[in-house]
Amino acid sequence: MTVSWIVIAVVIAYMGIMLFVGWYAKNKISSNKDFMVAGRRLGPILMAGTLAATEIGGGSSLGVVQQGMGKYGISSAWYVIAMGFAFVILTFLAPKFRDAKVKTVPEYFRRRYGRLSGLITAVIMLLPLIGLTAGQMIASSVILSTMLGISFNMAVILICGIVTLYSVMGGLWSVTLTDFIQVFFIVFGMAIAIPFAFNLAGGWNNVVANVPPETFNLFEGYSVVDVIGLTIMYIATFTVGQEAVSRYYAARDGKAAQQGSIAAALINFVYGFIPAILGVTVLALVNMGIFDPAQFQSVGSRYALPVLAVHAMPPLICGILFAGVISATMSSASSDLLGAGSIFANDIYREYINPEATDEMVMKMARTVMVLCGLLSLGVALFNTSSIITILMFSFTFRAAGAFFPYVLGHYWKGASTAGTLASLLVGTIVVIYVQNLAGGSLFGIHVSQPIIPGLLAALLSFLVVSKLCPPQEETTELLPDVHES
């Protein structure tokens, strides 16, 4: 597949801008707090942009297009819309998250439930971030390899280098500023593709006429139960996922955190149907004989959007679309890398390896770990054959099941105990791994659409029962002081 030099120029210019923003933000970093939570100065507009861009990634762009042209049809939009539902729910929790004044989720666990809880949480949170980064790198590389006509492996290496470089330079400041730019490219770049796709198909009526009627059933691929399950998964994983909750920590106050969360939800509601419609249109084009199914056999249906763009759109618009999809995936990958570096430096290195580390040493360690995690994610992206959404879904569920209730209820319930937290972390994680990887998505012979749900239920039961049996020595929701805070 060949593309115009204009397409290549647009995307290269976009990547250059991202690197420049990273360099610019580097000059704004003067402390560990600046690097990890942007100095806690984000207003609602920056909050909305960075929240939306972080969570609208490869699964929400290429993944939804891939589902839309498959058995899911228009119902694939629920994968994104459910994120909006989650942001609405998190609006009520946002002020509590901001008021805790922590930099990472494991730091909250350490100061609320003790050092062992903090260490276990750090490990549980750190490992999935590598899978999440890999999933986004795969999506970015799909576009880049299509655009430049290079191998997928070479594209992964290039994407890894660019994302890691601008993330390492400026921390959350650079990630937030790039996210603000990227969310425009994501929504505008994908939306502008729709009329060109319809034109290639001969109009919307032709699209409708050349796909099965059930394609437009909102609950054909995702049932109501599935949508509820997705929403629960997103609520849980956004609540404890460092790449998401760090935005609430970085808000200038609780009100800004709430306003940013609502605005991010609205962006998801608007965006959700865009990739789904594009996927349905690709299916129609295949059924009409305009696209040969063989085009996807060698590279997979995840290339549906690049194929559509190259055939349907003029070079400049195609370049904007490609930049938009790369924006979606790079913004998520950079947030995941920053989350991994922040957790290791703040909650493992400073707590267990070098307690006397200065802010400068902690930032240096965070940057080092971000580079290492980038390389590990590169390895996963090169050798993993799973779909983008499969990688993301496992990473989301693995980290959230055991940590969700101790984290949320810990802000409100004075009776939450260290023993109950440890029980929740271990039981929730074990149940998710068992259901998803050992039992093939079943529990007691019953198919489970979202493995996180039995994990959350088991974790909640363990947390409540063990907290009652082994109550805390002092009933309080206050956190221990941060001994490292300057």
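A residue counts as buried when its relative accessible area is under 20%, as exposed when that area is over 50%, and as partly exposed in between, with a 1.4 Å probe and protein chains only. By that definition Ser141, at 0% relative accessibility, is buried. The model is predicted, so local features are given only at pLDDT of at least 70 and side-chain atom pairs only at pLDDT 80 or more, whereas totals for chains, interfaces and linings use all residues. Residues are numbered from 1 along each chain as its sequence is written, and side-chain values use heavy atoms, with hydrogens and water left out.

**Nonpolar core and an enclosed helix**

- The largest nonpolar core holds 163 residues, and Tyr234, Tyr248, Leu278 and Tyr407 touch the most other members. Such a core is a set of buried Ala, Val, Leu, Ile, Met, Phe, Trp, Tyr and Cys residues joined through side-chain atoms within 4.5 Å.
- Helix α17 (residues 315-353) gives the most to this core, with 18 residues. Helices (H or I, at least four residues) and strands (E, at least two) are DSSP runs, numbered from the N terminus.
- In soluble globular proteins, nonpolar side chains tend to be buried together.
- Tyr407 touches Phe97, Val105, Tyr108, Phe109, Thr239, Val240, Val245 and Tyr249, not counting residues up to four places away in sequence. Contact here means heavy atoms within 4.5 Å.
- Helix α16 (residues 304-312) is largely enclosed by the rest of the structure, because 7 of its 9 residues are buried. The buried residues of α16 are Ala304, Leu305, Pro306, Val307, Leu308, Ala309 and Ala312.

**Aromatic pairs and a charge over a ring**

- The whole structure contains 21 aromatic pairs. Rings of Phe, Tyr and Trp (its six-membered ring) pair if their centres lie within 6.5 Å; planes under 30 degrees apart count as stacked, over 60 as edge-to-face and the rest as tilted.
- Tyr14 and Phe185 form a tilted pair, because their ring centres are 5.4 Å apart and their planes stand at 55 degrees. This pair links distant parts of the chain, with Tyr14 in helix α1 (residues 5-26) and Phe185 in helix α8 (residues 152-191), 171 residues apart. Both Tyr14 and Phe185 are buried.
- Phe87 and Phe238 form a stacked pair, because their ring centres are 5.2 Å apart and their planes stand at 25 degrees. This pair also links distant parts of the chain: Phe87 belongs to helix α5 (residues 78-99) and Phe238 to helix α11 (residues 224-240), 151 residues apart.
- Phe87 is buried at a relative accessible area of 0%, and Phe238 is buried with a relative accessible area of 0%.
- One aromatic cluster is formed by Phe97, Tyr108, Phe109, Tyr113, Tyr248 and Tyr407.
- The charged end of Lys96 sits over the ring of Tyr412, 5.2 Å from its centre. The rule requires NZ of Lys or CZ of Arg within 6 Å of the ring centre and within 35 degrees of the ring normal.

- Ser141 lies in helix α7 (residues 115-148). A polar atom of its side chain is 3.2 Å from the backbone nitrogen of Val156. A polar contact is a pair of N or O atoms within 3.5 Å; within protein, one must be able to donate a hydrogen and the other to accept it, and residues adjacent in sequence count only if both atoms are side-chain atoms.
- Apart from neighbours within four places in sequence, Ser141 is in contact with Phe152, Ala155, Val156 and Ile159.
- Thr215 is in the loop between α10 (204-209) and α11, and is buried at 7% relative accessibility. A polar atom of the Thr215 side chain lies 2.9 Å from the backbone oxygen of Pro212.
- Not counting residues up to four places away in sequence, Thr215 touches Tyr72, Gly73, Ile74, Val280 and Leu283.

**Positive phi angles**

- Most residues other than glycine have a negative phi.
- Arg40 has a positive phi near 50 degrees. Arg40 lies in the loop between α2 (32-37) and α3 (44-55) and is buried, with a relative accessible area of 11%.
- Lys101 has a positive phi of about 55 degrees. Lys101 is placed in the loop between α5 and α6 (105-113) and is exposed, with a relative accessible area of 53%.

**Cysteines**

- The count of disulfides (pairs of cysteine sulfur atoms within 2.5 Å) is 0.
- Cys318 is buried, with a relative accessible area of 3%, whereas Cys470 is partly exposed, at 39%.
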